[in-house]
Amino acid sequence: MSYKDQIDMNRIPQHVAIIMDGNGRWAKSKGLDRIFGHQEGVDSVDKVMEAASDLGVKYITLYAFSTENWNRPETEVSALMEILSQALRKYIEKISRNNVRLLVIGDKSRLSEVTLKNLSEAEAMTAGNTGLTMVLAISYSSRWEIIEAVKGIATKAKSGELNIDEIDEQLFSNHLTTAGIPDPDLLVRTSGELRISNFLMWQLSYSELYFTSVSWPEFKKEQFFEAIVDYQKRERRFGKTSEQLA
């Protein structure tokens, strides 16, 4: 029986976040350049998005490029941005045709004009779509996001726009780049690493974590379905006891 056949369609996670790890190491293990791994990873994005749409997942957030990734060799960074642009050109019509909406979060000030233009056009082209929302975290870090939220709240408090006593979890969430998006039910990380790497730290507070040794270029539909099956075996208590949930 395939993993898809084991899925309870009444218990599909609303939001899945994914750390797409292992592209470069996968390529090197095959004697190939690291960039080849990133190129293969684009196909995995396409397959996972198809799988998520089939299941009725509402949001997929992909950790595409972290602020720490700017410290990689300039040639690799340039190649990654070019791969991103190529992927948008190749898949944007399919994305739009499949009723997928694209959103981009992260420090856009660090992106080149060309990259920013490509992303903005893709967002605008899919803005009216009502199916799955694909959130691309590019030039993103959770610490950056939290600091920006604090600055925004502090500015409003200083100007008298809000009172300090009004600051609560919901208000803080509304100042994050993911405002209006439900917190992830499930985080998937590929390639065997067991950490969240500065990704959605506020939003992942009660997410289920799924780690797999499969590298991202080899993570396709069946691997995504396997992650969903594992998620559905969990009991999500949110601080309560099992008896309270019964």
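Colleague: The expected span of a helix is 1.5 Å times one less than its number of residues, so what should helix α7 span, and how far apart are its end C-alpha atoms?

Modeller: Helix α7, residues 221-232, has twelve residues and should therefore span 16 Å, and its end C-alpha atoms lie 17 Å apart, which agrees. Helices (H or I, at least four residues) and strands (E, at least two) are DSSP runs numbered from the N terminus. This is a predicted model, in which local features need pLDDT of at least 70 and side-chain atom pairs count only at pLDDT 80 or more, while totals for chains, interfaces and linings use all residues. Residues are numbered from 1 along each chain as its sequence is written, and side-chain values use heavy atoms, with hydrogens and water left out.

Colleague: Which residues of α7 are buried?

Modeller: With buried meaning under 20% relative accessible area, exposed over 50% and partly exposed in between (1.4 Å probe, protein chains only), the buried residues of α7 are Phe224, Phe225, Ala227, Ile228, Val229, Tyr231 and Gln232.

Colleague: And what do those buried residues pack against?

Modeller: They pack against helix α2 and against the strands β1 (15-19), β2 (59-66), β5 (186-189) and β6 (208-211), where contact means heavy atoms within 4.5 Å.

Colleague: Staying with α2, at what angle does it pack with α3?

Modeller: Helix α2 (residues 34-55) and helix α3 (residues 74-97) pack at about 30°, with their axes 10 Å apart, so the two are roughly parallel to each other, a label for angles under 35 degrees. The contact brings together residues such as Ile35, His38, Val42 and Glu50 of α2 with others including Leu80, Ile83, Tyr91 and Lys94 of α3.

Colleague: How do the residues of that contact divide?

Modeller: Between α2 and α3 they divide into seven nonpolar, two polar and six charged.

Colleague: Now α4, how do the axes of α3 and α4 cross?

Modeller: The axes of α3 and helix α4 (residues 113-126) come within 10 Å and cross at roughly 15°, which makes α3 roughly parallel to α4. Among the residues making this contact are Met81, Leu84, Leu88 and Ile92 of α3, together with Leu119, Ala122 and Met125 of α4. The residues of the contact of α3 with α4 divide into eight nonpolar, five polar and two charged.

Colleague: One last thing, is Glu82 buried or partly exposed?

Modeller: Glu82, which lies in helix α3, counts as partly exposed because its relative accessibility is 37%. Its C-alpha atom is separated by 9.7 Å from that of Val114, although Glu82 and Val114 are 32 residues apart along the chain.

Conventions. Axes fitted to C-alpha atoms, helices over the stretch in contact; angles between N-to-C directions. Parallel < 35°, antiparallel > 145°, perpendicular 65-115°, else oblique. Nonpolar A, V, L, I, M, F, W, Y, C, P; charged D, E, K, R; others polar. Expected span 1.5 Å × (residues − 1).
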